[in-house]
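Hi,

Here is the structure I promised to pass on. Have a look at it first, and my notes on what turned up follow below.

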Amino acid sequence: METKETEQEKKYFISALLVNHPGVLTRIAALFSRRGFNIETFSACATEDPSITRMTMTLIGTRYNMYQMIKQMDKMQEVLKVGCANEMDCVYRELLLAKVLAGPKERSELSEIAGIYKARIVDLTVDSLILELTGTPEKLDAFVGVIKPYTILEMARTGLTALARGTHVLKDRDCYSDHIF
């Protein structure tokens, strides 16, 4: 059995509902920074209720560390609900925009690659194009690996977003720990 000292690190996806006030996201980020965690991805937006913000973060750590961080977040007055999305059946998505150097020959090759990955060409100029792809982080990583030889001029990723499948909703969870251990 693994102890908290020997436990392996992995990616965790933390979702939270927060009061939509200025400075709340900064306080959350500072909480993780003070404890030595790097936030890999961060996504936040207003929800169906404009007074509430949904935040999803990707972090690397042990299960014990994530449990402790979730407990710390839960103590914050602005945090309404918080949970680890890894422990639930969720749909995960991320958006990628990539501007690629592309002359006439490369355009047709990139168009074929885009079709395979179900990416869209959303902008086209004489010497470049912008590709848009939505999917899991693994799908986006694979796509970037395939288009890398074509000279990526710029790239932007939104960060992961996650929602539980079915009728399960974060705001109805009784406590953060019901899906942690």
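Helices (H or I, at least four residues) and strands (E, at least two) are DSSP runs, numbered from the N terminus.

Before I go on, this is a predicted model: local features need pLDDT of at least 70, side-chain atom pairs count only at pLDDT 80 or more, and totals for chains, interfaces and linings use all residues. Residues are numbered from 1 along each chain as its sequence is written, and side-chain values use heavy atoms, with hydrogens and water left out.

Back to α3: which of its residues are buried? They are Leu-110, Ile-113, Ala-114 and Tyr-117 (buried means under 20% relative accessible area, exposed over 50%, partly exposed in between, with a 1.4 Å probe and protein chains only). They sit on the same side of α3, because they cover an arc of only 105° around the axis, taken from the directions from the helix axis to the C-beta atoms. The buried residues pack against β5 (90-101), β7 (128-135) and α4 (137-147), where contact means heavy atoms within 4.5 Å. On the face turned away from them, α3 carries the exposed Pro-104, Lys-105, Glu-112 and Ile-116. Just after the helix, Lys-118 has a positive phi of about 65°.

Now the rings. There are three aromatic pairs, counting Phe, Tyr and Trp (its six-membered ring) with centres within 6.5 Å; planes under 30 degrees apart are stacked, over 60 edge-to-face, and the rest tilted. One of the pairs is Phe-13 with Tyr-92, tilted, at 5.2 Å centre to centre and 50° between the planes. Phe-13 is in strand β1 and Tyr-92 in strand β5, 79 residues apart. Phe-13 is buried at a relative accessible area of 14%, and so is Tyr-92, at 18%. Tyr-117 and Phe-143 have ring centres 5.1 Å apart and planes at 65°, so this pair is edge-to-face. Because Tyr-117 lies in α3 and Phe-143 in α4, the pair ties together parts that are 26 residues apart in sequence. Phe-143 counts as buried, at 1% relative accessibility.

Finally, Met-66 is in helix α2 (residues 63-75) and is buried, at 2% relative accessibility. Beyond its neighbours within four places in sequence, Met-66 contacts Tyr-12, Ile-14, Phe-37, Leu-59, Ile-60 and Gly-61.

Cheers
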